[in-house]
Amino acid sequence: MATFPNAKCEYCGIELKGVINDYGNTWVCRDCKIENDIHRTNLSILHAVAGDKVIVTDETVENGYSCDSQQVKELIDIGYEYTVKSINIGRSSSRLVLEEFPNKTFNAVNFIRCENQ
Ligand SMILES: [Zn+2]
């Protein structure tokens with residue numbers, strides 16, 4: 001499996017473990033995101049890094065394309081915590097890999113980060 005350099009925060013320069021940035025030249029960490037408020041909320045899945053706990057809720061399971069939603073319904077337990085292995089930030093959608101399913105990718109819109117991490 002190919003390895004990619006971790007993305008770095010454009011503001012503070014911190015290395016974002018497990019984050020692959022296909023979005024463009026810049027990305028921000030969750031702390032800089034809070035200060036600058038440019039990418040949704042700080043609990044957005046898009047600011048997850050490797051090791052973060054994420055869950056699927058009754059609402060988020062319906063997000064995204066039907067094939068993505070179907071895959072989540074087949075493999076993921078609602079409300080159960082899973083661990084982020086990597087996230088690939090894309091322009092139109094972002095793909096998430098979980099430690100529990102290292103050979104599968106999920107649409108990030110089906111997940112939210114757990115609080116207090
Ligand atoms: Zn930062």
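User: What makes you say that leucine 96 touches other residues, and which ones?

Analyst: Two residues count as in contact if their C-beta atoms, placed from the backbone, lie within 7 Å. Leaving out residues up to four places away in sequence, leucine 96 touches Ile45, Val84, Ile87, Thr105, Phe106, Ala108 and Phe111. This is a predicted model, where local features need pLDDT of at least 70, side-chain atom pairs count only at pLDDT 80 or more, and totals for chains, interfaces and linings use all residues. Residues are numbered from 1 along each chain as its sequence is written.

User: How confident is the predictor in the chain?

Analyst: pLDDT is the predictor's confidence in each residue, from 0 to 100. The chain averages 85, and 83% of the residues score at least 70. Where pLDDT is low, the predicted coordinates should not be read in detail.

User: What counts as a helix or a strand, and how many of each are there in the chain?

Analyst: Both are DSSP runs numbered from the N terminus: helices are H or I with at least four residues, strands are E with at least two. The chain has 2 helices and 8 strands, in the order β-β-β-α-β-α-β-β-β-β.

User: What makes a set of residues a nonpolar core, and which members of the largest one touch the most others?

Analyst: Such a core is a set of buried Ala, Val, Leu, Ile, Met, Phe, Trp, Tyr and Cys residues joined through C-beta atoms within 7 Å. Buried means 20 or more other C-beta atoms within 10 Å of the residue's own (exposed is 12 or fewer, partly exposed in between; C-beta atoms are placed from the backbone). The largest core has 24 residues, and Val19, Ile45, Ile87, Leu96 and Phe111 touch the most other members. Strand 3 (19-21) and strand 5 (82-89) each supply at least two residues, with strand 5 giving the most, 4.

User: Why is strand 5 said to pair with strand 6?

Analyst: Strands pair if DSSP finds at least two bridges between them. Strand 5 and strand 6 (residues 95-98) are joined by 4 bridges, so they pair, and they run antiparallel. In one of these bridges, valine 84 partners leucine 98. A hairpin of 5 residues links the two strands.

User: And how do you know about strand 6 and strand 7?

Analyst: By that rule, their 3 bridges make them a pair, also antiparallel. Here leucine 98 has phenylalanine 101 as its bridge partner, and the hairpin between these strands goes through 2 residues.
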